[in-house]
Each structure stands twice: as structure tokens, then as C-alpha cells.
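This report describes a protein model through its fold, its charged pairs and its core. The sequence and structure are shown first.

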Amino acid sequence: MRTDRAGGAAGAPAETAHDLTGTWSLLSFHETDETGTAVQEGPLGPLPSGRLVYLPDGQVSVHMMRDPHAPAGTPFYMGYAGTWRLVDGATVAHRIAITPRPDWVGTEQMRDLVLEGDRLTLHASTRIRGVLHHRVLVWQRVT
């Protein structure tokens, strides 16, 4: 359910760029099926850590690392930097300039967002080796 920063009901005013600006700490990262039901932990294990920074000048930086107890063979680090823009009050676009994934450089990644107080949930769909993955990342505001 979409809510405004004060926790209002759906139909409340759309989020603004000011609402997203700041530093966020990763709380959880999991994958869902097409209905939105959580089906497994994300690629960084059950307790990943990370930071997401939205600057007011439109710069974005995302850094995430795996849980030290995650199984061997899972990625250790995921991240990128670039620019961001609010497409509408429910979608943010990240244009990627720097990343360990060469296939993402220069792409624009769309993220559906839900902001509830100081908790930001980003929904992303990404294709990996031809398979569509639906991912949900939950962030807590730091500043």
C-alpha cells in the first residue's frame, strides 16, 4: 500500500524528490514471485548490509555486500553510481554510470517505490541470464 511520509492512506500526494534525498541503510533484500509473495532471500544472503544515497543534485550511489554467513558462490558486493530522477510519485529511475556489471553501464533502471515514514521499499525487476527476477529492497533512513 502506498502511503505518504506521515503514514497516510493510498491516494495521498505523490512522493517528491525531497522525500527521497538522504542516506538509507539496507534492512532486507529478497526475491518475490509474480504475485509479490516472498520466495527466497536475495543474492547477498539473509542479512546483507548496504547504503543508498540520493543527493539533491541528482547523484545516486548504491553499495551492498553479502551477509558474512551467506553460502560460498554468492556475490560478495553489488553496487553502482550514477544519477537519479523521480519519474512520478511512485517510480524512481537510476541511470547507471559506474558498476561492476558492464551490461548495466549507461542503462536506466526503474524502481517502483513505497515510502512509509522513514522506511523506503524499492521494487525492481531485472533479467539475469534470460530469467526475470523480481526483487524487493527495504531501506531505513539514516539521514
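A residue is called buried under 20% relative accessible area, exposed over 50%, and partly exposed in between (1.4 Å probe, protein chains only). The model is predicted, so local features need pLDDT of at least 70 and side-chain atom pairs count only at pLDDT 80 or more, while totals for chains, interfaces and linings use all residues. Residues are numbered from 1 along each chain as its sequence is written, and side-chain values use heavy atoms, with hydrogens and water left out.

**Confidence**

The pLDDT, the predictor's confidence in each residue on a scale from 0 to 100, averages 86 over the protein chain, and 90% of the residues score at least 70. Over residues 1–13 the pLDDT stays under 50, and the model has 30 contacts beyond four places in sequence for this stretch; a contact means heavy atoms within 4.5 Å. Where pLDDT is low, the predicted coordinates should not be read in detail.

**Fold and surface**

Helices (H or I, at least four residues) and strands (E, at least two) are DSSP runs, numbered from the N terminus. The protein chain has one helix and nine strands, in the sequence order α-β-β-β-β-β-β-β-β-β. Of its 143 residues, 40% count as buried. Among contacts in the protein chain with a separation of 6 or more, 42% are between residues 24 or more positions apart. The accessible surface, computed by the Shrake-Rupley method with a 1.4 Å probe, comes to about 7600 Å² for the protein chain, and carbon and sulfur atoms account for 59% of this area.

**Salt bridges**

A salt bridge is a side-chain nitrogen of Lys or Arg within 4 Å of a carboxyl oxygen of Asp or Glu. The whole structure holds five salt bridges, including those tabulated here.

| Pair | Closest N to O distance |
|---|---|
| Glu31 and Arg135 | 3.1 Å |
| Arg95 and Glu108 | 3.8 Å |

Glu31 forms a salt bridge with Arg135, a pair that links distant parts of the chain: Glu31 is in strand β1 (residues 22–32) and Arg135 in strand β9 (residues 131–141), 104 residues apart. Glu31 counts as buried at 7% relative accessibility, and Arg135 counts as buried at 10%.

Arg95 also pairs with Glu108; Arg95 lies in strand β6 (residues 91–98) and Glu108 in strand β7 (residues 108–116), 13 residues apart. Both are partly exposed, Arg95 at 38% relative accessibility and Glu108 at 29%. Arg85, Arg95 and Glu108 are linked in a network of salt bridges.

Asp118 is partly exposed, with a relative accessible area of 36%, whereas Arg141 counts as buried at 17% relative accessibility.

**Nonpolar core**

A nonpolar core is a set of buried Ala, Val, Leu, Ile, Met, Phe, Trp, Tyr and Cys residues joined through side-chain atoms within 4.5 Å. In the largest such core, which has 21 residues, Leu52, Tyr54, Met64, Leu120, Leu122 and Trp139 touch the most other members. At least two residues of this core come from each of β1, β3 (49–54), β4 (59–65), β5 (77–88), β6, β7, β8 and β9. In soluble globular proteins, nonpolar side chains tend to be buried together.

**Surroundings of His30**

His30 lies in strand β1 and is partly exposed, with a relative accessible area of 21%. Leaving aside residues up to four places away in sequence, His30 touches Ala38, Gln40, Glu41, Gly42, His134, Arg135 and Val136.
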